[in-house]
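Have a look first, then we'll get into it.

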Amino acid sequence: MLDLIRLVEEETKRSVLVGDPIEIEVERGRGWVDDQRVQFDAMRARCPVARLEDAWLVLGHAEVIAAATDPVAFSSAVTARRAIPNSLDGPEHAAYRAVVDRYLTPERVSRVEPACREIAASIVAGLPRGETVKTLARIGIPYAVRSQSAWLGWPSDLQDELVTWIRDNHNATRSGDRAQTRAVAERFDRIIGSLVEARRDEPAGDVTAALMRETVHGRALGEDEIVSILRNWTAGDLGSLATSVGVIVHFLAARPEVQRQVRQLVADGEQAGLEAAVEEILRIDDPFVSNRRRTTGVVELGGESIPQGALVLLNWTAANRDPLVFGDPDAFEPQRHAEANLVFGIGPHICPGRALTLMELRVITEALVRETAWIELSTERPAVREEPPVGGWARVPVVLR
């Protein structure tokens, strides 16, 4: 089974997952199934830590936590290109992370929620009823672009360009063509760079303008550092948010008993309960497949001795379905599973945008549930899974009633 996976170590810029995802290619037609979660489940059942050709794949829940919470033994400095704060360790990571965290506080998140509500309501109001709707194209992508732009204070005339970029980036990621992926990534940096340059003299009235006036280590952030932070906030988050919408909508349509529970939570105004439900759906069908680490010395993990300098892939999707922790990994039990849920990671590199992402996903879910009587899978065409290294769904055709 392990010979189905061939690791590709060269740095490529992919941005549909949290941080830097697994860079693997899978040979189709040799036992692979459409749902890569099934393959990961089978691999984890054999061994919590698997030796690949050029790396180590960590699949067990306990083993992923051990690696993610030990930044001394498992360094995040895995790419030639400096990514802030993802590729940093120790005090340097802490310094930049303190800057990032200031923009993702509950107060900042609540400030943008009314705008997200308006965006969600507008998108749902424009959807047809009783006919097939393309979830990602009509809901996920436009909502991700418009809500993130509202949070960052980006102009509306940039939104069409961002929508096009998300699609091109997804296609490049699927293709495995490094030249295509690199070109798409460089195009995104040019978008951000031109935006930063145009706003250099504006007052610090929104997130982007305020970030441009931040300091670290007693000096102003450099333009390359500002672009790196904005890239982290947008390139990854746009794709991740759109993908998450697809996962949630498919889950509700495919599991009527959960949709009924979610509709009751919305009717009762249980926002915390709804966010817990969203997080549990993403645990069961976690689209944020992996992050990378590099060992700084010989490490014992999951019964394996991993040498110094080895590339280690922390598989969140597999860890979030570990039966040693969750029993039946497909059981929808938000309260019972909350403490062990690793959708947003763990350790010093835990996702700083958890509150923002959950708010955005809660708001679009509320809008969909309030303005429809039911959501069902389309009978005209089937839903289609994404291909590795992307998680989640490529297409989710649904009908709104």
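Q: How much space lies in the second largest cavity?
A: Keep in mind that this is a predicted model. The second largest cavity holds about 50 Å³ of space. With a cut-off of 30 Å³ or more, a search of the whole structure turns up two cavities.

Q: What makes the lining of the second largest cavity five parts charged?
A: Asp, Glu, Lys and Arg count as charged. The lining residues include D35, R37, D285, D286 and R385, and the tally is five charged, four polar and one nonpolar.

Q: How do you know that the length of helix 11 is close to what's expected?
A: The expected span is 1.5 Å times one less than the number of residues. For the 14 residues of helix 11 (271-284) that gives 20 Å, and the helix reaches 20 Å from its first C-alpha to its last.

Q: Which residues are the closest to the centre of the largest pocket?
A: That pocket has a volume of about 390 Å³. Of its 20 lining residues, L136, A137, I141, R174 and A394 sit closest to the centre. Helix 6 gives the largest share of the lining, five residues.

How values were computed:
Residues are numbered from 1 along each chain as its sequence is written. This is a predicted model: local features need pLDDT of at least 70, side-chain atom pairs count only at pLDDT 80 or more; totals for chains, interfaces and linings use all residues. Side-chain values use heavy atoms; hydrogens and water are left out. On a 1 Å grid over the protein atoms alone, a cavity is a set of points where a 1.4 Å probe fits but cannot get out, and a pocket is an open set with protein on both sides within 12 Å along at least five of seven lines; lining residues have an atom within 4 Å of a point. Grid points are joined across faces, edges and corners, and a volume is the space filled by probe spheres set on the points. Helices (H or I, at least four residues) and strands (E, at least two) are DSSP runs, numbered from the N terminus.
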